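Notebook open, structure loaded. I'll jot things down as I look them up.

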Amino acid sequence: MTDAAQERLRRWRLVLGGDTADGTGCALSGRDAAMDGALTALYGKGDKQQRTGGSRSAGLGASAPSVARWLGDIRTYFPSSVVQVMQRDAIDRLGLDTLLLEPEMLAAVEADVHLVGTLLSLNKAMPETTKETARAVVRKVVEDLEKRLATRTRATLTGALDRSARISRPRHHDIDWNRTIAANLKHYLPEYRTVVPERLIGYGRASQSVKKEVVLCVDQSGSMAASVVYASVFGAVLASMRSVSTRLVVFDTAVVDLTDQLDDPVDVLFGTQLGGGTDINRALAYCQSRITRPAETVVVLISDLYEGGIRNEMLKRVAAMKASGVQFVTLLALSDEGAPAYDREHAAALAALGAPAFACTPDLFPEVMAAAIEKRPLPVPDTV
């Protein structure tokens with residue numbers, strides 16, 4: 001057998017998992033055997049019976065030491081992106097979330113947005129001995145997200161705010177020449193081949209007053225965990241901008257205003273309570289009551305739209321806000337995974353009101369906000 005054929009057989013053996021019917025006849029040793037053992041512990045035959053008390057051929061069991069060894073193994077044999085997927089699968093398939101309540105477990109895991117969501121859902125059950133470790137894990141993820149997202153978000157929104165603040169007597173370096181020329185084309189002098197700008201259009205960059213008000217209204221039901229994490233980070237970034245007044249509201253069947261905690265997104269996250277029902281209408285009623293400058297306000301509803309409250313009242317409230325001049329944005333998710341399961345009937349009803357509902361990645365979010373601030377069409381992804 002050639003080297004290429006042997007390597008192909010080895011890969012198939014790792015993919016198939018060594019069941020007696022895999023047909024490869026290939027034996028593994030050394031590092032390959034260790035990798036195969038780590039995969040079998042999670043994906044091996046019989047894993048579903050483990051959660052219901054049945055038998056299985058391999059697994060992690062409920063032993064913290066065995067899980068700790070397994071976490072160390074997968075970090076040794078697989079890249080970080082794969083480790084994060086395997087950790088999520090271990091929590092979902094084998095019910096290992098309760099082991100995350102132990103500090104030594106948290107110290108061993110590869111932290112990512114999904115792990116943060118799991119920790120937040122366990123917050124109420126978390127013992128005091130674990131909370132500080134959990135906060136450290138969450139803070140690391142949040143800081144990494146801020147490094148990735150903050151600079152571009154501030155730059156994009158600052159430009160949008162400057163362009164939205166049109167003034168009629170701009171200083172020379174604040175003149176918007178494209179709009180000024182377009183507004184004065186009727187004053188074109190052919191003999192001089194020039195336009196006489198009788199009316200100047202520009203924007204005031206120097207102003208530090210509040211130009212726009214942004215309300216982030218975030219569904220904290222269990223399926224929205226990643227969106228809550230990203231919304232908290234973006235909320236903190238927006239709150240750091242002087243020209244934007246930012247409010248963060250999270251809701252299930254109750255409504256909680258976390259605006260006073262926006263200086264620390266970790267505090268925001270530990271102030272949420274993932275899970276529970278959903279009352280979008282009540283949340284929007286609260287947000288609407290806090291709007292003082294409708295024409296300068298952007299409301300961003302982040303929800304899968306499964307409404308447990310009064311549907312018609314919710315839609316009437318959105319229509320009323322839009323009629324008053326509010327820019328209303330509906331995001332089915334704010335995450336890297338795309339659109340989750342969502343209520344398509346409610347999404348269609350909102351779209352009919354001029355508030356199309358779509359999933360948004362964190363990288364697209366600054367562009368969405370910039371478009372809303374400038375009151376131009378939203379950059380809705382083609383997949384919608």
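Leaving aside neighbours within four places in sequence, which residues is Thr130 in contact with? I find Leu100, Leu101, Glu102, Pro103 and Leu106, taking contact as heavy atoms within 4.5 Å.

Before going on, a note on what I'm looking at: this is a predicted model, where local features need pLDDT of at least 70, side-chain atom pairs count only at pLDDT 80 or more, and totals for chains, interfaces and linings use all residues. Residues are numbered from 1 along each chain as its sequence is written, and side-chain values use heavy atoms, with hydrogens and water left out.

**Thr130**

I place Thr130 in helix H8, residues 128-164. Helices (H or I, at least four residues) and strands (E, at least two) are DSSP runs, numbered from the N terminus. Thr130 counts as buried because its relative accessibility is 0%; buried means under 20% relative accessible area with a 1.4 Å probe, protein chains only. Leu100 sits 30 residues from Thr130 in sequence, and I get 8.7 Å between their C-alpha atoms.

**Cavity**

Leu100 turns up again in the lining of the largest cavity, along with Val67, Trp70 and Gln87, among others. I read about 110 Å³ for this cavity, and the structure holds one cavity of 30 Å³ or more. On a 1 Å grid over the protein atoms alone, a cavity is a set of points where a 1.4 Å probe fits but cannot get out, while a pocket is an open set with protein on both sides within 12 Å along at least five of seven lines; lining residues have an atom within 4 Å of a point. Volume is the space filled by probe spheres set on the points, which are joined across faces, edges and corners. The cavity lining splits into 11 nonpolar residues, one polar and no charged. For these classes, Ala, Val, Leu, Ile, Met, Phe, Trp, Tyr, Cys and Pro are nonpolar, Asp, Glu, Lys and Arg charged, and the others, Gly among them, polar. Helix H4 (64-77) and H5 each supply at least two of the lining residues.

For the largest pocket I get about 430 Å³. It has 21 lining residues, and those closest to its centre are His114, Gly222, Ser223, Ala225 and Ala226. Helices H5 (80-94), H7 (113-121) and H10 (225-239) each give two or more residues to this lining. H7 gives the most, with five. I sort the pocket lining into eight nonpolar, nine polar and four charged residues.

Definitions and conventions
Buried means under 20% relative accessible area, exposed over 50%, partly exposed in between (1.4 Å probe, protein chains only).
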